[in-house]
Amino acid sequence: MTAPISIRFDASGVPVNSKQFTIVSYEWNFGDDTKGTNQIVIHEYKDKGKNGRFNVQLTVTKVDKKTNEETQDVYTRIVTIGDEALKASFEATPQSGEIPL
């Protein structure tokens with residue numbers, strides 16, 4: 001991946017027991033001094049930063065349905081952004097002649 005790039009982050013698959021807990025908030029920290037608060041967010045990395053690595057952290061706040069106790073689960077992922085765009089190179093031999101080559 002190369003910057004700028006938009007990445008979709010999706011917390012809908014976090015392992016929270018919905019029979020026991022109610023999720024009350026999502027807080028994303030994208031590792032570049034920006035944050036988001038929805039279950040699904042799209043974040044744009046404008047450049048690759050200092051070393052091309054961003055530690056993305058998701059904090060899910062949930063409430064126990066029986067005790068009303070609030071707890072948090074924290075999940076992390078590393079996003080790496082490089083200097084080169086994706087590219088492909090093709091070569092054919094022979095390069096000319098009658099069809100099919």
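**Strands, core and rings**

Colleague: What is the bridge partner of Ile23 in E5?

Modeller: The partner of Ile23 in E5 is Lys62. Please note that this is a predicted model, in which local features need pLDDT of at least 70 and side-chain atom pairs count only at pLDDT 80 or more, while totals for chains, interfaces and linings use all residues. Residues are numbered from 1 along each chain as its sequence is written, and side-chain values use heavy atoms, with hydrogens and water left out.

Colleague: And how many bridges join E2 to E5?

Modeller: There are 8 bridges between strand E2 (residues 21–29) and strand E5 (residues 53–64), and these strands run antiparallel. Thr22 also has a place in this pairing, opposite Val63 in E5. Two strands are said to pair if DSSP finds at least two bridges between them.

Colleague: How many helices and strands does the protein chain have?

Modeller: The protein chain has 0 helices and 6 strands. Both are DSSP runs numbered from the N terminus: helices are H or I with at least four residues, and strands are E with at least two.

Colleague: In which order do the strands of the open sheet come?

Modeller: The order is E3-E2-E5-E6, and the pairing of these 4 strands is antiparallel. Strand E3 (35–36) and strand E6 (70–80) are at the edges; each has a single partner strand, so one side of each has no neighbour in the sheet.

Colleague: What holds paired strands together in general?

Modeller: Strands of a sheet pair through backbone hydrogen bonds, either parallel or antiparallel.

Colleague: How many residues lie between E5 and E6 in their hairpin?

Modeller: There are 5 residues between E5 and E6, and Asn68 in the turn has a positive phi of about 65°. The two strands run antiparallel and are joined by 11 bridges.

Colleague: Why is E5 described as largely enclosed?

Modeller: Of the 12 residues of E5, 9 are buried, so the rest of the structure largely encloses this strand. Buried means under 20% relative accessible area, exposed over 50%, and partly exposed in between, with a 1.4 Å probe and protein chains only.

Colleague: On to the core: which residues touch the most other members?

Modeller: In the largest nonpolar core, which has 18 residues, they are Phe9, Trp28, Phe30, Tyr45, Val56, Leu58 and Val79. E5 provides the largest share of this core, 4 residues. A nonpolar core is a set of buried Ala, Val, Leu, Ile, Met, Phe, Trp, Tyr and Cys residues joined through side-chain atoms within 4.5 Å.

Colleague: What is Val56 in contact with, beyond four places in sequence?

Modeller: Its contacts, meaning heavy atoms within 4.5 Å, include Phe9, Trp28, Tyr45 and Val79.

Colleague: How many aromatic pairs are there?

Modeller: The count is 4. The ring centres of Trp28 and Phe30 are 6.3 Å apart and the planes are at 0°, so this pair is stacked. For Tyr45 and Phe54 the centres are 4.6 Å apart and the planes are at 35°, so this pair is tilted. Rings of Phe, Tyr and Trp (its six-membered ring) pair if their centres lie within 6.5 Å; planes under 30 degrees apart count as stacked, over 60 as edge-to-face and the rest as tilted.

Colleague: Are Tyr45 and Phe54 buried or exposed?

Modeller: Both Tyr45 and Phe54 are buried. Trp28, at 5% relative accessibility, also counts as buried, and Phe30 counts as buried at 3%.
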